[in-house]
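This report describes the architecture of one protein model.

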Amino acid sequence: MKDLVRMKTSLSEEIEALLNGQVKMEAKSSSIYLAMAAYCDRLGFENSSEFFFQQAEEERQHMLKIFRYIADAGGTPVSPDVANVPQEFGSFRGVYENALEQEIEVTNAINKIVSAAYKGGDHTTANFLQWFISEQQEEEFTARKRLELFDVIGEEGIGAYMIDQKIPEIGPPTSEDAEA
Ligand code: FEO
């Protein structure tokens, strides 16, 4: 007998649900980064504000990438509802702490989907998500480096201003440079 579900889509119900959950998570990340951009702008940290505007755009691209993958695999991508986006982050440093925590959560979520994909024999999805694994390695690395600036430079005097000046200089891990 033909497997009619398999003929319609290559995704199992479980993987489709997990991927849609990730679509939502990336959309929420985008919204949170947008709120961070506005928050930093209000504090007068222009480089940080610009950085978070860019991050918001990147997360939207991540969301679209997964959304399209689900559609291309014959599944049903769900346009995400995003609620409860925080608008306040307590302090300049608080923004960067939140940003790192957010990236760690995304990494954990991606790892969970990859594990589920391998467990279900869905190597196509596992392969698709490899890009996100590398992306998260970079995002976590750079988020940690940005947060470290607060310890290395300190916020006293013109320290906070100097931290904001250094934000655009943080690049990807040197192991990536070696591959380039
Ligand atoms: Fe797309 Fe940084 O999570």
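## Basis of the description

A residue is called buried when its relative accessible area is under 20%, exposed when over 50%, and partly exposed in between, with a 1.4 Å probe and protein chains only. Helices (H or I, at least four residues) and strands (E, at least two) are DSSP runs, numbered from the N terminus.

The model is predicted: local features need pLDDT of at least 70 and side-chain atom pairs count only at pLDDT 80 or more, while totals for chains, interfaces and linings use all residues. Residues are numbered from 1 along each chain as its sequence is written, and side-chain values use heavy atoms, with hydrogens and water left out.

## Overall architecture

The protein has 8 helices and 0 strands, in the order α-α-α-α-α-α-α-α from the N terminus. Along the principal axes, its C-alpha atoms fill a box of roughly 75 × 40 × 20 Å.

Of the 180 residues, 42% count as buried. Among contacts (heavy atoms within 4.5 Å) with a separation of 6 or more, 78% join residues 24 or more positions apart.

## Helix 6

Helix 6 comprises 23 residues (130-152), and its end C-alpha atoms lie 33 Å apart. Just after helix 6, Gly 154 takes a positive phi of about 80°.

The buried residues of helix 6 include Phe 132, Glu 135, Gln 136, Glu 139, Ala 143, Arg 146, Leu 147 and Phe 150. What covers the buried residues of helix 6 includes helix 2 (13-43), helix 3 (46-72), helix 4 (92-119), helix 5 (123-128) and helix 7 (159-166).

## Helix packing

Axes are lines fitted to C-alpha atoms, for helices over the stretch in contact, and angles run from 0 to 180 degrees between N-to-C directions. The axes of helix 4 and helix 6 come within 9 Å and cross at roughly 160°. Helix 4 is therefore roughly antiparallel to helix 6; angles over 145 degrees count as roughly antiparallel, under 35 as roughly parallel, 65 to 115 as roughly perpendicular and the rest as oblique. The contact of helix 4 with helix 6 has 13 nonpolar, 4 polar and 8 charged residues.

For helix 2 and helix 3, the axes come within 8 Å and cross at roughly 165°, so these helices are also roughly antiparallel to each other.

How values were computed
Expected span 1.5 Å × (residues − 1). Nonpolar A, V, L, I, M, F, W, Y, C, P; charged D, E, K, R; others polar.
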